[in-house]
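Notebook open, viewer running. I'll jot down what I look up, one piece at a time.

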Amino acid sequence: MSETHEIGAERVDALYKRLDREAEAAGYHLNPDEEFTRDLVEGLLTNEDRYGYWACPCRLATAKKEEDLDIICPCDYRDADLLDWGACYCALYVSTEVKAGEKPVTSIPERRPPRDERPQFQEGSADDHPAPPTSVPVYRCRVCGYLCGREQPPAVCPICKAKRDRFERFW
Amino acid sequence: MPDAKGSVNGSKSNHKIILYALSTCVWCKKTRRMLEQSDVTFDYVYVDLLTGQEREDAMAQVHKWNSAASFPTIVIDNAESVAGYKPARLEEVLGL
């Protein structure tokens, strides 16, 4: 693959500002190392151009969206990594302690299971749900855990802004 | 965008070093910078810029040395590996 196109500084700046605004509004924080974070945002835009979605810049995407769903930023593993390590895998997002400079950011272990162990590749289960305790199904955002009882998941998670395809049937 | 594969020649070439990386990954970038600043000779492979059999072969190598198949993976002397950006560990292994 010979990719020569460059992501313009204006695109990086616009997305950086948007992600920062959305993160702060939802109780998350971007990495305060602005040069590092802008490089990651550029990686997201590179992957947007390559694959059509924001695959994690620090993981190898397959270019098949259904296989890469769990690593579309914000990934399914962000919140657990923020809790355990103070940063997500690529370190685009950091905890309050890291943002305040009380804890350094380091390269952390990969939490994503190998392909065959991921829930979407396990047999059965995905469509087996006990009857919901409400008259409507309950959906869970795989990114942040937001639950909602409605006929269909929302187009965008009101908490973390993940798109509809990141929701799973919970009940 | 960097070349998919290549070599960097430093003045220290007593180890055979291969850096498996992603062109979009900032931890990979930091690792490459650290190797360059250490003035070591190394080969690099940006797996996301490879296609087809070349990519499969590179992934097989990454997986062989790092079961999480994560990036960066640095293979030293075809004998040991370092996964992730770990400058202290790399310095130790490379005797820097």
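This is a predicted model: local features need pLDDT of at least 70, side-chain atom pairs count only at pLDDT 80 or more; totals for chains, interfaces and linings use all residues.

I read off five strands in an open sheet of chain B, in the order β1-β3-β2-β4-β5, and the pairing is mixed. At the edges I find β1 (5–8) and β5 (80–83) of chain B, each pairing on one side only. From one strand to the next, the twist averages 20°.

I zoomed in on one pair. β2(B) and β3(B), the latter covering residues 42–46, pair in the parallel sense, and I have four bridges for them. B:A21 has B:Y46 of β3(B) standing opposite.

Which residues touch the most other members of the largest nonpolar core? I looked them up: A:C88, A:C90, B:L19, B:Y20, B:A21 and B:L22, out of 58 residues in that core. Strand β2 of chain B (residues 17–21) gives the most to this core, five residues. Apart from this core I noted another of eight residues, with A:C141, A:V143, A:C144 and A:C157 among them.

I stayed with A:C90 for a moment. Leaving out residues up to four places away in sequence, A:C90 touches A:L40, A:C56, A:P57 and A:C58, plus B:V26 from the other chain.

On to the contact between the chains. Chain A puts in 16 residues and chain B 18 residues. How does the side of chain A that touches chain B split by class? I have eight nonpolar, five polar and three charged residues there.

Last, chain A by domain. The assignment gives domain 1 as 9–120 and domain 2 as 123–171. Taken over C-alpha atoms, the centres of these two domains of chain A are 22 Å apart. Their contact takes seven residues from domain 1 of chain A and nine residues from domain 2 of chain A. On the domain 1 side of that contact I find four charged residues, three nonpolar and no polar ones.

Technical notes. Residues are numbered from 1 along each chain as its sequence is written. Chains are lettered from A and ligands numbered from 1 in the order in which they are written. Two residues are in contact if their C-beta atoms, placed from the backbone, lie within 7 Å. Ala, Val, Leu, Ile, Met, Phe, Trp, Tyr, Cys and Pro count as nonpolar, Asp, Glu, Lys and Arg as charged, and the others, Gly among them, as polar. A nonpolar core is a set of buried Ala, Val, Leu, Ile, Met, Phe, Trp, Tyr and Cys residues joined through C-beta atoms within 7 Å. A residue is buried if 20 or more other C-beta atoms lie within 10 Å of its own, exposed if 12 or fewer, and partly exposed in between; C-beta atoms are placed from the backbone. Helices (H or I, at least four residues) and strands (E, at least two) are DSSP runs, numbered from the N terminus. Two strands pair if DSSP finds at least two bridges between them. Axes are lines fitted to C-alpha atoms, for helices over the stretch in contact, and angles run from 0 to 180 degrees between N-to-C directions. Domain bounds come from an automatic or database domain assignment.
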